[in-house]
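Biologist: I would like a close look at one part of this model, a pair of helices, and then at the setting around that part. Please keep to what can be computed from the atoms.

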Amino acid sequence: SKSGMSNPQPTAGLAQLALQPPPNPCHHAVITSYFSRTDRLQYRKYEYGAFTGSLKSLRDYSEQLKDMVAFYLGCSFNFEKVLQAAGIPVRNIEQKCSVSMYKTAVPCYSVSTFCCNLVVTMRPIPECKLEAAVLATSELKATHGAPIHMGNPGLLGIQDLSKPDYGDPVHLHPGDIPVFWASSVTGIEAVINCRSPLAFTHSLDCTFVTDLKNDRFTLGSSREVPQVHCISQDPLHFSMASAEAAKKIKTLESLIGIDPGNRGIVHLLRPGELLKACLSLSHSRSVLVTTGFPTHFNYEPPEENDGPPGALAIAAMLQALEKDVAIVTDQRAMDLNKKIIEEAVQIGILKKPVPLLSYQRESADSALTFLCENGNPRRPRFDHLIAIERAGMAADGNYYNARKVNIKHLVDPIDELFLAAQTIPGITTTGVGDGGNELGMGKLKDAVKKHIKNGDVIACDVAADFAVVAGKGFVECGRVDDDEEKLLKALVQLGVRSGVSASLEMEVDALPFYNTHSPMIEKLLQEVQH
C-alpha cells in the first residue's frame, strides 16, 4: 500500500533484512523467525551494499532467510492523518505524490557495522501551524515523533529541495516552512553502508501495513507541551522547548537581570534573548568562547575577574553536553588564561583542558580563515560564538572601560570574528555583559547610550544575534560551590583584580563574593534544581 493513504489509520512500517545483524538487535521490534516472503508488493535486493535488483517475492531465498533478522521500523506516513485532523495541510497528499526524502550531512550513532547519515522526510507546514504540527507528531514517538529540524534545509546539508534522494518533490506554498522528520529510510542507507553479503529491503512505494492502530502508540497527554521559537531569520531556523523549560529559563532571565551594582541595566533587558541563545546553543556542535576585559591598564595583568569564571562555567557546561569548545583571547593574555584553565581542571570545574587560541588580523580574510576550514564559508569550524564580559569595539573603533578610558592597545580585534560570523550561514553569536561596552552588546547600543553612564562613548557597536544582560555575580561567577570559591581565590593569586575597585580581594566589581554574589547565584541554583 503506497504510504497507507487509502487507509491511513493502520500503522505503516518500513522493513529491512540483513545477513549480519548487530550484536544487540533490540533497538526496534525484531522478528527472529525468518522474514515473511510475500507481504510486500516489491522488495529490493542488496549484495555487499550494492543494489542488484527488485523482486516480487523472496520465496527463492527461504534458506538464506532462516539466518536473517527482520527490522520493522515505524513510518512517518502514520501521522499524516493526525496532522490533517489537527487542521494542518499535508502538501504531498494535496499534490497526490509521495513525500520528499533527503540524505543529510547529519551522522547517526553507529552500532556495530551499521553506520550512515540520517535520512529525513520533508513536509511543508504553514508557519502559523508549526507549533500544532510539533504537538500532534510528538505524541507518536514510535513513528518518529516530533520533527528534528524546522527551517533552512542547508543546515542539514540539503542543497536543493526540488531534488529529493527518495520520493517525489513536494512544492511549498507561500508562507510554508520546510519541516523535517527522521525517516526509516535511514535503515536502507545503513544496509548499504554495512556492505552485508546479502540484504533485502522493501521498495519505497511498498510499505508494510499492520493491523495495529496509531492510538496504541500514542503517549496520551504529555506534561511537556512543546513551544516553537524562531532562533534565526537568516538562515531561517526554528527550534522547540517544552513550556515548562521555557518558563524556567524566563525566570532565570529575570533573576540574572537583577542589578546589585545599580548600573541601570534594567533598561537593557530584552525578554526572550536567553531562551533563544540556549536553544541555538543546543543545536551547536562546536562553540568558540571569548572573554577578557583589560580595564586595569596600570596593573599586570590588566584583566578584571568577572569574565574568566563565566567563560569556564560555559565551557564546563558544553563539555558536559559533549560539544567541542575552545577559548580565544588576547595574545598577551595567553599565559594567564593557560594557568586559569589548568586551575579549573585541577579543581574539577573542567573535565579536560580547553584549547586556547588567539586571533590577529593579518589580511582582509583573516577572520574568515580563522572561522572556516580553508576560508570556505560552507565549512565553518564553529557554529556558535559566545562573548562573555569581553571588551567590545565602540563606534569610533576604540575600546573603552566604564570610566571612558581607551584600552585599545590591550585588546586584540576578536570583534572581527563576530562581524565575519554575520556573513557565514550557520554561525550564530551570543554576547553577555552588564554595562553595554562588552562585545555583542551592539544590539542594545541605543539603550546603552540613553541609560548607561558614559554610554554615548563606551557603547559597543558590534552586535551579537542574542544579547544576554546579566547583573553582577550571575553569569560571571557561574556556580557557587567550593570549586568556584577556589577558582576565584586562584584568580586573586594570579593577580586578576575586581573590575570597579581593582582590589585583590574576594569580590567582583567591588561587590563582595560572600555577601552579594553567593546568595544571588544560590537563587539561580534553587530555581534550576526546583
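At what angle do the axes of helix α6 and helix α7 cross, and within what distance do they come?

Modeller: The model is a predicted one. In it, the axes of helix α6 (residues 243-256) and helix α7 (residues 273-282) cross at roughly 125° and come within 8 Å. An angle over 145 degrees would count as roughly antiparallel and one of 65 to 115 as roughly perpendicular; α6 and α7 are therefore oblique to each other. The crossing in which α6 passes α7 is right-handed. On the α6 side, the contact is made by Ala246, Ile249, Leu252, Glu253 and Ile256. The α7 side supplies Glu273, Leu274, Leu275 and Cys278.

As for burial, α7 is mostly covered, with 7 of its 10 residues buried. These are Glu273, Leu274, Leu275, Ala277, Leu279, Ser280 and Leu281.

The setting is a protein chain of 530 residues, of which 54% are buried. Its secondary structure comes to 15 helices and 22 strands. Among contacts with a separation of 6 or more, 74% are between residues 24 or more positions apart. The accessible surface of the chain is about 23900 Å², and carbon and sulfur atoms hold 51% of that.

The largest nonpolar core has 45 residues, and Val289, Leu312, Leu318, Leu350 and Val354 have the most contacts inside it. Helix α8 (residues 308-320) gives the largest share of this core, 6 residues. Another core, of 30 residues, lies apart from it and includes Val328, Leu417, Met441 and Val462. Leaving aside neighbours within four places in sequence, Val289 is in contact with Ala311, Ile314, Leu318, Val325, Ala326, Ile327, Val328, Ile386 and Ile388. Val328, one of these partners of Val289, is listed in the core of 30 residues.

Asn454 is placed in the loop between α12 (445-451) and α13 (455-458). Its relative accessibility is 19%, and buried means under 20%, so Asn454 counts as buried. Not counting residues up to four places away in sequence, Asn454 touches Ala402, Arg403 and Lys404.

Terms used
Residues are numbered from 1 along each chain as its sequence is written. This is a predicted model: local features need pLDDT of at least 70, side-chain atom pairs count only at pLDDT 80 or more; totals for chains, interfaces and linings use all residues. Side-chain values use heavy atoms; hydrogens and water are left out. A nonpolar core is a set of buried Ala, Val, Leu, Ile, Met, Phe, Trp, Tyr and Cys residues joined through side-chain atoms within 4.5 Å. Buried means under 20% relative accessible area, exposed over 50%, partly exposed in between (1.4 Å probe, protein chains only). Helices (H or I, at least four residues) and strands (E, at least two) are DSSP runs, numbered from the N terminus. Contact means heavy atoms within 4.5 Å. Accessible areas come from the Shrake-Rupley method with a 1.4 Å probe; for residues, only the protein chains shown count as cover. Axes are lines fitted to C-alpha atoms, for helices over the stretch in contact, and angles run from 0 to 180 degrees between N-to-C directions. Angles under 35 degrees count as roughly parallel, over 145 as roughly antiparallel, 65 to 115 as roughly perpendicular and the rest as oblique. A crossing is left-handed if the near helix is turned anticlockwise from the far one by less than a right angle, and right-handed if clockwise.
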